[in-house]
Amino acid sequence: MKIELRAAPARRAMAVGVLYGFGGIAIYTALSEASGLVWALALLCLGAAGLGAGEALRRATRLGLQLDEAGLSDSAGTLLAPWQDIVAIERGSFSLRPSNGFTLRLAKPGTRAWRPGLWWRLGHRLGVGGVTSANETKAMAQAIEIRLADRVAPLP
């Protein structure tokens, strides 16, 4: 079993474009309006942050995620969640999860990490989703649910 999850091209382009556009408009406004030095510096910082976030999103979404016999890893080979550490999966409407995604509860806390638009990890939680395709993300979540159900199923 091997399932791959990549950023949807249209969602990726839209998200990166919005962040670049926001950064560009903030910088343009800071340089063109004469509303004071403090506001201009604030807008320049905000614009630079927007451009930086857009670049971080663009770079992060070049990678993909893979679910295989070892667990969940990225396409660069970094193991994000080995199977033995996955306790549960949360996909509900009121769960803390990325857009079109799911959250894995892990047995061991991992180091904080974030790949914008693809995944984040904070303590015992690993969120997957963002600019990924809803159908592919749902298929990966269902495969994880099936594997977890088989692990805890009682023997006949």
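Start by selecting Ser73: with a relative accessibility of 8%, Ser73 counts as buried (buried means under 20% relative accessible area, exposed over 50% and partly exposed in between, using a 1.4 Å probe and protein chains only). You're looking at a predicted model, where local features need pLDDT of at least 70, side-chain atom pairs count only at pLDDT 80 or more, and totals for chains, interfaces and linings use all residues. Residues are numbered from 1 along each chain as its sequence is written, and side-chain values use heavy atoms, with hydrogens and water left out.

Stay on Ser73 for a moment. Ser73 sits in strand β3, residues 71-74. Which residues does Ser73 touch, not counting those up to four places away in sequence? They are Gly64, Leu65, Gln66, Thr78, Leu79 and Leu80, where contact means heavy atoms within 4.5 Å.

Now zoom out and colour by secondary structure. Helices here are DSSP runs of H or I with at least four residues, strands are runs of E with at least two, and both are numbered from the N terminus. The C-alpha trace spans about 75 × 30 × 30 Å along its principal axes. Of the 156 residues in the chain, 37% count as buried.

Next, select Leu65, Leu72, Phe102, Leu104, Leu126 and Ile144. These touch the most other members of the largest nonpolar core, which has 22 residues. A nonpolar core is a set of buried Ala, Val, Leu, Ile, Met, Phe, Trp, Tyr and Cys residues joined through side-chain atoms within 4.5 Å. At least two core residues come from each of β2 (65-67), β4 (79-82), β5 (86-90), β6 (102-115), β7 (119-128) and α3 (134-152). Helix α3 gives the most, with five residues.

Pick out Leu126 from that group. Leaving aside neighbours within four places in sequence, Leu126 has contacts that include Leu72, Leu80, Phe102, Leu104, Trp119 and Trp120.

For the last stop, jump to Ala8, in the loop between β1 (3-5) and α1 (9-32). Is Ala8 buried or exposed? Ala8 counts as buried, because its relative accessibility is 17%. Then draw a distance from Ala8 to Ile144, C-alpha to C-alpha: the two are 136 residues apart in sequence and 21 Å apart in space.
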